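Open the structure in your viewer and keep the selection panel at hand. Each stop below gives a selection and then says what is there.

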Amino acid sequence: MMDSSRSSQRAVIQFLRAEGEHASQIYRRMKEVYGEQCLARCTIFRWCQRYEVGLVNIKDLPRLGQAHVVTNSATTLAVNELIRQNRRIITCEIAV
């Protein structure tokens, strides 16, 4: 089965751009292979532009304001203990 993840499709875009394929041709070829799982046309064009200006990373860049989630047993126990000690605690007090 074909890997249709975004990162694998971005790698295909990067490869085909390196071979000199135009964005419209890349989209057509990928649509044939990936079908409904294919990235949107505008997304393929955007990634082609990124590769043309020298960006080579196929991973998503971190977004401003994106929450970072750390979940492990020590953190969970610590937060639960804070809540047990003060049932009216608010989020910003936990984050300190």
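Predicted model: local features only at pLDDT ≥ 70, side-chain atom pairs only at ≥ 80, totals over all residues.

Residues are numbered from 1 along each chain as its sequence is written, and side-chain values use heavy atoms, leaving out hydrogens and water.

**Stop 1: α1 and α3**

Select residues 6–18, helix α1, and residues 41–52, helix α3. Helices here are DSSP runs (H or I, at least four residues), numbered from the N terminus. The two pack at an angle of about 55°, with their axes 10 Å apart. Axes are lines fitted to C-alpha atoms over the stretch in contact, and angles run from 0 to 180 degrees between N-to-C directions. That angle makes α1 oblique to α3; angles under 35 degrees count as roughly parallel, over 145 as roughly antiparallel, 65 to 115 as roughly perpendicular and the rest as oblique.

Now show side chains. Arg 10, Ile 13, Gln 14 and Arg 17 of α1 meet Ile 44, Trp 47, Cys 48, Tyr 51 and Glu 52 of α3 (contact means heavy atoms within 4.5 Å).

**Stop 2: the aromatic pair**

Rings of Phe, Tyr and Trp (its six-membered ring) pair if their centres lie within 6.5 Å; planes under 30 degrees apart count as stacked, over 60 as edge-to-face and the rest as tilted. The structure holds 1 such pair. Trp 47 and Tyr 51 are 4 residues apart in α3, so about one helical turn separates them. Both Trp 47 and Tyr 51 are buried (buried means under 20% relative accessible area, exposed over 50%, partly exposed in between, with a 1.4 Å probe and protein chains only).

**Stop 3: α2 and α3**

The contact is made by Ala 23, Ser 24, Ile 26, Tyr 27 and Met 30 of α2 and Arg 41, Ile 44, Phe 45 and Cys 48 of α3.

**Stop 4**

Return to α1 and pick Gln 9. Is Gln 9 buried or exposed? At 0% relative accessibility, Gln 9 counts as buried. Beyond its neighbours within four places in sequence, Gln 9 contacts residues including Met 30 and Tyr 34.

Last, pick Asn 80 in helix α4, residues 73–85. Asn 80 has 33% relative accessibility and therefore counts as partly exposed.
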